[in-house]
Amino acid sequence: MAHGHIILSAFFFNPQGDHRMSWRHPRAPGREILDFDYYRDLVQAAERAKIDTIFVADHVSIWDSVKSGVAHYANARLEPLTLLAALAGVTRHIGLITTASSSYSEPYNVARFFASLDHISKGRASWNVVTSAMEEEARNFGRDGNIDHALRYERAGEYLDIVKALWDSWEDEALLIDKETGYFADPAKVHAINHKGPHFRVRGPLNVSRPPQGHPLIVQAGSSEDGKNFATAHADAHFAIFSTREDGVRYRKDINERLARHGRHPESFKILPGILPIVAGSKDEALERQEYLQTLLPDQVGIDLLSSWSGLDLSAYPPDGPVPPLPDESTFNGGHTSLNRVRQWAKQNLTLREVARRLSNSGSVPTVAGTPVEIADQLEDWFVAGAADGFNLMFPLLPEDWHAFAEKVVPELQRRGLFRTEYEPGTLRDRLGLARPANRFAEQRDNTRAVS
């Protein structure tokens with residue numbers, strides 16, 4: 001049985017919506033996706049609805065290794081930390097989540113970026129830690145190909161420990177700005193971290209004082225074995241993909257067992273499965289809208305996307321034939337979660353074209369379609385059963401599906417007592433019921449005193 005209220009995270013990867021070809025829809029935005037006003041209107045609508053967070057996903061490359069990439073799906077986008085810093089200035093409460101890659105950035109810079117965003121937003125910043133699986137990304141950062149999958153997560157664990165240590169490098173009371181004494185900071189409470197590990201050497205301290213949340217919220221989205229182990233060791237929230245309430249209950253049980261191995265309690269970790277909400281006058285109308293989006297997808301884009309996920313060039317295979325044998329997970333260097341989703345569809349005797357179309361529909365998250373009451377019924381069902389602490393809302397078409405959910409489904413959840421009517425005070429961590437992390441350097445000093 002879940003407690004508290006449903007957590008709602010309003011997500012986008014594609015700025016026009018989370019069907020990969022939603023940009024072709026007659027009502028989709030055009031060049032305004034590179035304009036601040038478009039995003040300000042979206043996030044202010046979410047804040048009026050008292051949504052917990054927005055989540056801006058990201059890649060650090062254009063998808064151009066396949067024929068259809070630049071022509072039909074170049075995924076050009078604004079750099080998200082720049083965007084969220086600007087959005088922090090026109091909002092007061094809503095959380096601000098974005099992606100930064102542990103494979104293609106430096107720990108010191110990322111620690112500084114998110115500490116700064118947390119200060120600017122008064123405690124609303126959140127980092128979605130990714131290890132990056134696209135070959136195009138690797139080639140933008142001096143590599144010929146991806147870092148090995150297992151090594152990516154090992155490296156990410158070290159990376160995250162450095163970032164957290166840098167956030168702790170200023171104790172909470174270190175910043176004095178005492179004009180009488182002339183002390184700007186207490187030297188005894190500002191620490192070099194002196195990290196020397198297999199992948200990184202970082203001296204520290206950070207040149208930003210400790211963030212309001214202690215540590216900005218850490219979220220993670222991969223559901224491979226490595227991903228789940230990494231998440232339960234390091235993260236506060238986890239974006240998962242499962243299709244039924246029963247799958248969600250099993251997933252939570254598995255996650256709880258992993259948390260216990262790290263000495264953690266279930267309450268310290270929020271699971272937010274992705275859903276694709278389509279609000280309409282009826283379920284049939286919602287599904288018609290979804291099917292219309294599918295008609296906008298050139299077959300080549302779907303096949304190319306499937307090739308990218310499976311690590312095979314599928315353009316040589318007949319689109320109405322079966323999926324050919326897929327690579328073994330143990331030797332696959334791309335995203336394991338994506339590969340396993342393709343494997344599950346292949347077992348259902350779907351053709352290449354059918355699998356490609358499913359994949360293009362926001363990577364297989366379940367569609368929740370119908371009237372506001374019907375959508376609220378399903379969210380309540382999963383939440384009350386303990387299958388989800390909340391939901392990562394992946395809207396097929398922006399901005400209209402975002403507005404429809406905020407204006408029609410949220411009031412229905414509020415009527416049922418499942419969602420807030422006003423923001424609670426405090427930081428994003430406070431509102432999600434997640435403890436503010438202790439400062440490791442202050443703890444070390446306290447422990448030393450206790451021993452002496």
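## Basis

The model is predicted: local features need pLDDT of at least 70, side-chain atom pairs count only at pLDDT 80 or more, and totals for chains, interfaces and linings use all residues. Residues are numbered from 1 along each chain as its sequence is written, and side-chain values use heavy atoms, with hydrogens and water left out.

## Helix 8

Helix 8 spans residues 245–261; helices (H or I, at least four residues) and strands (E, at least two) are DSSP runs numbered from the N terminus. Its 17 residues reach 25 Å from first C-alpha to last, close to the expected 24 Å, which is 1.5 Å times one less than the number of residues.

G248, Y251, R252, I255, R258 and L259 are buried in helix 8 (under 20% relative accessible area, with exposed over 50% and partly exposed in between; 1.4 Å probe, protein chains only). They lie on the same side of helix 8 because they cover an arc of only 125° around the axis, taken from the directions from the helix axis to the C-beta atoms. On the other side, R250, K253, A260 and R261 are exposed. The cover over the buried residues includes helix 7 (225–234), strand 10 (237–240) and strand 11 (270–279), where contact means heavy atoms within 4.5 Å. Just after helix 8, G263 has a positive phi of about 70°.

## Nonpolar cores

A nonpolar core is a set of buried Ala, Val, Leu, Ile, Met, Phe, Trp, Tyr and Cys residues joined through side-chain atoms within 4.5 Å. The largest has 81 residues, and L8, I54, W127 and W402 have the most contacts inside it. Helix 6 (residues 149–168) gives the largest share of this core, 9 residues. A second, separate core of 35 residues includes L276, W309, L314 and A356.
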